[in-house]
Amino acid sequence: EYGSLKALLSIAAIMPGLMSLSLNSAFTRYFFEHDEDRAMNKFVSTHFWFIVIWSFFVALISTAALSGRAVTKLDLYWWPFLPLAFASPMLQQVSLIGLSHAQMRMKVKWISTVTMVTFVISALTNALLLVSLGYGLLAPLFGALVQSLLLALVYVIVLLRAGLISFTIDWPILKRSLLFSLPLVPNILSGWIAGLSDRLLLVYFKSKAVVGIYSVGYQTGRMIARVYEAVFRVYMPVFWNRFVKDEKAGVQELKKFIGFYFWLVFGAAFFLSLFSPDIIGLFSDKAFHSAWIITPVVAFAYFFAGLYKPFVAILSYHNKTWLITVFALSQAILNVILNVIFIPIYGSFAAAWTTMASFIVHTVCLYIAAKRLSQLTLPWKNILCSVLVGLLSLLLWFFISKMVMGWGYRLMGKFIVLVFAFVVSRLLPVYES
């Protein structure tokens, strides 16, 4: 059942890209060019209404177009699973511009509070329907729908109270934003192919049970994405503000930021990899405990995926969104080819490693392009020091794991490794202040 649910959500995960057309990227790119209240009202209203209308149209067409045959392999019925799966991303688009506006205004605590409160309500709804009322696979779909609905209501109310929504669409603004964002749509779709299509291929080549176990390990490793997404929610407004005023000074500041960013995400991936057996053992049934072996591979795959964020920002600043798409499509094609070759032989383990390989190639290509546009150089000394900390910590854990037995002692040993890594990080120049 869990494998069926994750495969269904993999299909639904393509919807946000088709619904938003990546207009939120254009919104952040041109945000600081609309300082006056009237200009900001036009800017926000144009993006808001277009995304709302377009996402409703896409959800309606997609739900109607997919027949029962589309989910036969998953042993699910068209109704109500597909409408519910598509309703949540549609409502997410309603809150998208409100969220982007709050991010650009650096309202980080407010965003976190709203997200956490709606998540708790969603989780409680999910638990009530799943445990008490026996809704089965419908429970998480309803839970996600509740959170999306609450977020949409909150952000719409906030925009209305701020006087930022009126019934108007400024066509020159929309045209400019679409010219910027449309080349990014294939980038989003290729991200779906690289990050989620492996589940569908595992269903085809292996079984839904394999997908269920793989998804637990993958979702645990993918928590790294939450780290760098949170960092960039804060940093992106700073980035655009700096680059619009002085690109050269912005590049130098970005170089310092990358050193810290590399250390932070690398450390998070190391921590998650070290504790993956304990995390999965604590939060899942015994049937899923073997999924921990997937987590370290996925964690470092998303570590490399997170590294390309600064490079994408530079290409976006120079309006080279088409280049981002070319690299993303190449990554997706490479990922699918590797999956088709290796999943039938090595199963879910191959899916994790091919994801990492495609992310590494993608990040290297984006760095080369960003370096040519902005003369950005990486802080290699800081990066090598971070890698050295990781290698020394890994070596220490190797010796500790050979000396101690039992879950409690091994857990204590892991905390010793973390303390060691932190102390060494303070002694070595892993990043500049």
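R226 and E229 form a salt bridge, with 3.4 Å between the closest N and O atoms; the term covers a side-chain nitrogen of Lys or Arg within 4 Å of a carboxyl oxygen of Asp or Glu. The model is predicted, so local features need pLDDT of at least 70 and side-chain atom pairs count only at pLDDT 80 or more, while totals for chains, interfaces and linings use all residues. Residues are numbered from 1 along each chain as its sequence is written, and side-chain values use heavy atoms, with hydrogens and water left out. Searching the whole structure gives 3 salt bridges.

- R226 and E229 lie 3 residues apart in helix α11 (residues 223-245), which puts about one helical turn between them; helices here are DSSP runs (H or I, at least four residues), numbered from the N terminus.
- R226 is exposed, because its relative accessibility is 52%, where exposed means over 50% relative accessible area, buried under 20% and partly exposed in between (1.4 Å probe, protein chains only).
- E229 has a relative accessible area of 28% and therefore counts as partly exposed.

- K414 and D278 meet through their side chains in a salt bridge, at 2.6 Å from N to O.
- This pair links distant parts of the chain, 136 residues apart: K414 belongs to helix α18 (residues 407-427) and D278 to helix α12 (residues 247-283).
- K414 is buried, with a relative accessible area of 6%, and D278 is also buried, at 15%.

- K42 pairs with D170 in a salt bridge whose closest N and O atoms are 3.9 Å apart.
- K42 is partly exposed at 34% relative accessibility, whereas D170, at 17%, counts as buried.

**Nonpolar surface patch**

- L329, I333, I337, I341, F342, I345 and Y346 make a nonpolar surface patch of about 680 Å².
- Patches are built from residues with over 30% relative accessible area and no salt bridge, joining like charges within 9 Å and nonpolar side chains (Val, Leu, Ile, Met, Phe, Trp, Tyr) within 5 Å.
- Accessible areas come from the Shrake-Rupley method with a 1.4 Å probe, and for residues only the protein chains shown count as cover.
- F342, one of the patch residues, is found in helix α15 (residues 321-346).
- F342 counts as partly exposed because its relative accessibility is 31%.

Technical notes: Helix = DSSP H or I, 4+ residues; strand = E, 2+ residues; numbered from the N terminus.
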